[in-house]
Amino acid sequence: MTVSAVIGTQWGDEGKGKVVDMMAGQAQVIVRFQGGNNAGHTVIAEGEKFELHLIPSGILYPEKKTVMGGGMVVDPWSLLEEIDELRQKNISFDNFFLSDCAHLVLPYHLILDQLEEEMRASQKLGTTSRGIGPAYVDKAARRGLRMGDLLHRERLAARLQAALSYHNNILEKAFGREPYSYQELFNSLWEAGQRLAPYIGSTTLLLDRWRQEGLNILFEGAQGTLLDIDHGTYPYVTSSNTVAGAAGPGAGLGPGRIDRVIGVTKAYQTRVGEGPFPTEDPGPEGDKLRKDGGEYGVTTGRPRRCGWLDLPLLRHACRVNGVDWLALTKIDVLRGHPQIRVATGYQVGEDKLEEMPTDTDLLQKIEPVYEMLPGWEEDLINCRTFEDLPANAQQYVQFIEEQLGLPIQLIGVGPQRQQIITRGDWQ
Ligand code: IMP
């Protein structure tokens, strides 16, 4: 029995979907523990493309148990849409479980997300507009509604009335907006709840039982470490803890139960939304990365900001997650650059830093110090072993390993399931 966590080490969009899909082959239970439909995973399985926002990618394996944990915030209508789309592609929901403790993202959260962004004016965060921040605010303020409330008509009515009287007040008085009609929202929510009811229950009990039965459990992180509310580039972060340690509270397993943490990093760096990005390349080479890597958001379609791998940020991410080994994705995208830059440190005035400063304002000002590595022209898409990679691509992988003191055990060379190189004891 092994409990593993697959975690993004950058600003999300590291290609975790593909790594999770690969690791899911070894697990019987796949669990998401934080975030909501701000996430977007693209998985290509048997030639078919699946875009998942809320449901863990384990759903693509009919025999595996797929869990949405209590640390998530879930828009019930978006979830139903995702379920319907997957059902149309003959995906089974017989082994799908939804925590009764997961919080609901409701329409007023979406409006508030948008209004709060407008109020930030020049200090926008560039959120995904999915209501994630306001839903976590309600959770912490103890006025949130949870999945379990959908199972009890009277309780749902009372909780919704209380939440709406608060939010309608804010919407009307602070923002001059129309209030929500209680009855309309209640009816729609009750109807959604009726459809979700078969999946809702206490998933912590189930997880513990499966763990004791010896099943392999895989935690699927969403977003990335640099978007973690405590360990990311605050305030340009999401509203949840995205690090591996959050899998405990987010799913209801004790901290000592996680056996290994797998960090996923892209071979270069991208970011959507605002905030510091020391190695961003706004020039033609950055454009080439965007074009070759198809760097457009799965959730919002926004073009991603692109740049070079940043080792101080990656070192920080490996540390705060306790990463045991790394998966390096999309190395094939680096083809055709005469030289590949990797930031090994930062220059701040006279000083050289090797570690990421936790002061976000300082991170905005620093200059990366680059090591230039030789590029390659070959297409890597058909490489299946490390030795198949051209010498310069091998050197690139080894350079990262040496700098971080961690092994890279999976190397993604293309979008398809089989386009991945495995090394060492990755299973
Ligand atoms: P929120 O999570 O929608 O509140 O957005 C906060 C920040 O996190 C914004 O910069 C978003 O672009 C970013 N973000 C949230 N989810 C993801 C993701 O899954 N991938 C990449 N960026 C994300």
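Reader: How far from a nitrogen atom of the ligand does a polar side-chain atom of Gln223 lie?

Author: First, this is a predicted model, where local features need pLDDT of at least 70, side-chain atom pairs count only at pLDDT 80 or more, and totals for chains, interfaces and linings use all residues. Residues are numbered from 1 along each chain as its sequence is written, and side-chain values use heavy atoms, leaving out hydrogens and water. A polar contact is a pair of N or O atoms within 3.5 Å; within protein, one must be able to donate a hydrogen and the other to accept it, and residues adjacent in sequence count only if both atoms are side-chain atoms. For Gln223 and the ligand nitrogen, the distance is 3.3 Å.

Reader: Which residue places a polar backbone atom 3.3 Å from an oxygen atom of the ligand?

Author: Asp13 uses a polar side-chain atom, 3.2 Å from a ligand nitrogen. The backbone atom you ask about belongs to Gly126.

Reader: How much of the ligand's area does the protein bury?

Author: Accessible areas come from the Shrake-Rupley method with a 1.4 Å probe. Taken alone, the ligand exposes 470 Å². Of that, the protein buries 96%.

Reader: How far apart are the centres of domain 1 and domain 2?

Author: The bounds come from an automatic or database domain assignment, which gives domain 1 as 103-196 and domain 2 as 266-422. Taken over C-alpha atoms, their centres are separated by 38 Å.

Reader: Which residues of domain 1 lose the most area to domain 2?

Author: Buried area is the accessible area (1.4 Å probe) that two parts lose on being put together, summed over both. Here the two domains bury about 380 Å² between them, 48% of it on carbon and sulfur atoms. On the domain 1 side, 69% of what is buried comes from Gly126, Thr128 and Arg130.

Reader: How many residue pairs are in polar contact across this interface?

Author: Salt bridges (a side-chain nitrogen of Lys or Arg within 4 Å of a carboxyl oxygen of Asp or Glu) number zero here. For polar contacts, with both pairs at pLDDT 80 or more, the count is two.
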